[in-house]
Amino acid sequence: MALYFIPLAVIILFLINQLTSSLCTQRQIPEEKQPSVFRTINVLITILLISSYFEVLFT
């Protein structure tokens with residue numbers, strides 16, 4: 001199961017980071033605030049992916 005889930009999680013994080021970059025560009029978020037936006041989104045997506053992994057693992 002981990003053989004499929006971990007590469008998929010990495011791809012999802014990569015795509016979310018691309019979308020976050022597009023969001024920062026489109027909304028003209030200042031350069032000094034962008035690291036906090038990326039950090040927040042990455043932490044939340046990582047929590048979501050870990051909880052999804054445990055849900056799939058234990059059901």
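**Figure 1. A nonpolar surface patch of about 600 Å² is built from Met 1, Ile 50, Phe 54, Val 56, Leu 57 and Phe 58.** The model is predicted: local features need pLDDT of at least 70, side-chain atom pairs count only at pLDDT 80 or more, and totals for chains, interfaces and linings use all residues. Residues are numbered from 1 along each chain as its sequence is written, and side-chain values use heavy atoms, with hydrogens and water left out. Patch members have over 30% relative accessible area and no salt bridge, and nonpolar side chains (Val, Leu, Ile, Met, Phe, Trp, Tyr) are joined within 5 Å, like charges within 9 Å. A salt bridge would be a side-chain nitrogen of Lys or Arg within 4 Å of a carboxyl oxygen of Asp or Glu. Areas come from the Shrake-Rupley method with a 1.4 Å probe; for residues, only the protein chains shown count as cover. Val 56 lies in helix α2. Helices (H or I, at least four residues) and strands (E, at least two) are DSSP runs, numbered from the N terminus. Val 56 counts as partly exposed, at 37% relative accessibility. Buried means under 20% relative accessible area, exposed over 50%, and partly exposed in between (1.4 Å probe, protein chains only).

**Figure 2. Phe 5, Tyr 53, Phe 54 and Phe 58 are linked into a cluster by ring pairs.** Rings of Phe, Tyr and Trp (its six-membered ring) pair if their centres lie within 6.5 Å; planes under 30 degrees apart are stacked, over 60 edge-to-face, and the rest tilted. The whole structure holds 3 aromatic pairs. One of them is stacked: Phe 54 and Phe 58, at 6.1 Å centre to centre with 10 degrees between the planes. Phe 54 is partly exposed because its relative accessible area is 42%. Phe 58, at 64%, counts as exposed. Both Phe 54 and Phe 58 also belong to the nonpolar patch.

**Figure 3. Leu 13 of helix α1 touches Asn 42, Ile 45, Thr 46 and Leu 49.** Contact means heavy atoms within 4.5 Å; residues up to four places away in sequence are not counted. Leu 13 is partly exposed, since its relative accessible area is 24%. Thr 59 is 46 residues from Leu 13 along the chain, and their C-alpha atoms are separated by 24 Å.

**Figure 4. Gln 28 sits in the loop between α1 (2–26) and α2 (34–57).** Gln 28 is not a glycine, yet its phi is positive, at about 55 degrees. With 68% relative accessibility, this residue counts as exposed. Gln 34, in helix α2, is buried at 17% relative accessibility. Its contacts include Cys 24 and Ile 29, leaving out residues up to four places away in sequence.

**Figure 5. Val 43 is a residue of helix α2.** Val 43 is partly exposed, with a relative accessible area of 43%. Phe 14 is 29 residues from Val 43 in sequence and 13 Å away in space, C-alpha to C-alpha.

**Figure 6. The protein as a whole has 2 helices and 0 strands.** Its C-alpha trace spans about 40 × 15 × 15 Å along the principal axes. The radius of gyration is 14 Å, whereas a compact globule of 59 residues would have one near 10 Å. That radius is taken over C-alpha atoms, and the globule rule is 2.2 Å times the number of residues to the power 0.38. Buried residues make up 12% of the 59. The accessible surface comes to about 4800 Å², and 70% of this belongs to carbon and sulfur atoms.
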